[in-house]
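Open the model in your viewer and keep the selection tool ready. We will go stop by stop.

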Amino acid sequence: QAMTVNMLEGLQGNYLLSLPGLAAGSTPANVANVAFDFQIAGVKYSKTAISAGTALAGDNIPQSTYGAWQLEIGVDGTVDIVEAAANAVGYASAALAIAGLPVVSEGHALMGFVTAINSDAVFDPGVTSLEAATVTATFTDGPTVFQAIG
């Protein structure tokens with residue numbers, strides 16, 4: 001009985017139901033997503049594709065250091081960008097940058113995250129192309145509800 005209750009509570013959380021397919025947008029400084037479904041407090045919502053993408057925001061990342069941003073979505077369907085705590089000073093590795101991301105905001109589902117490093121200049125979020133030859137960007141989709149409950 002307790003196992004069934006715990007599983008049902010897990011299904012009521014804030015999760016992706018399908019993957020958003022994060023990638024560089026047709027505007028290459030932005031992060032695009034495909035159409036996907038997500039749930040907030042157990043209620044299903046759908047988000048249309050944003051091929052041009054959503055602009056990253058926040059502090060510039062110093063040359064040759066990593067920055068990270070998480071993409072979150074709430075019931076209003078707005079894609080929110082949240083930067084890692086020390087993006088302004090940069091991180092020595094992508095893993096450290098990801099560790100600098102905060103917990104997901106209340107009432108939001110985690111779409112995923114992006115890390116970037118520019119070997120030639122500062123990385124200016126929302127301006128620097130994620131596809132530039134000197135930029136290494138990695139796009140990671142968040143977990144679906146099925147991955148989250150294991």
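In what order do three strands form an open sheet? The order is S2-S3-S6, with antiparallel pairing. Strands here are DSSP runs of E with at least two residues, helices are runs of H or I with at least four, and both are numbered from the N terminus. Two strands pair if DSSP finds at least two bridges between them.

A word on the source. This is a predicted model, where local features need pLDDT of at least 70 and side-chain atom pairs count only at pLDDT 80 or more, while totals for chains, interfaces and linings use all residues. Residues are numbered from 1 along each chain as its sequence is written, and side-chain values use heavy atoms, with hydrogens and water left out.

Stop 1: Select S2 (23-24) and S6 (50-55). These strands stand at the edges, each with a single partner strand, so one side of each has no neighbour in the sheet. Pick Ala24 and find its bridge partner in S3, Val31.

**Stop 2: the salt bridge.** Select Asp37 and Lys44. They form a salt bridge, with the closest N and O atoms 3.7 Å apart. The term means a side-chain nitrogen of Lys or Arg within 4 Å of a carboxyl oxygen of Asp or Glu. By this rule the count is one. Asp37 is partly exposed at 21% relative accessible area. Lys44 is exposed at 54%. The cut-offs: buried is under 20% relative accessible area, exposed is over 50%, and partly exposed lies in between (1.4 Å probe, protein chains only).

**Stop 3: Gln70.** Go to strand S7, residues 66-74, and pick Gln70. Is Gln70 buried or exposed? Gln70 is buried, at 4% relative accessibility. Show the side chain of Glu72 too: the side chain of Gln70 makes a polar contact with it at 2.7 Å. Such a contact is a pair of N or O atoms within 3.5 Å; within protein, one must be able to donate a hydrogen and the other to accept it, and residues adjacent in sequence count only if both atoms are side-chain atoms. Leaving aside neighbours within four places in sequence, Gln70 is in contact (heavy atoms within 4.5 Å) with residues including Asp80, Leu101, Val104 and Phe113.

**Stop 4: the whole chain.** Zoom out. The protein chain has three helices and 10 strands. Its C-alpha trace spans about 55 × 30 × 20 Å along the principal axes. Of its 150 residues, 39% count as buried.
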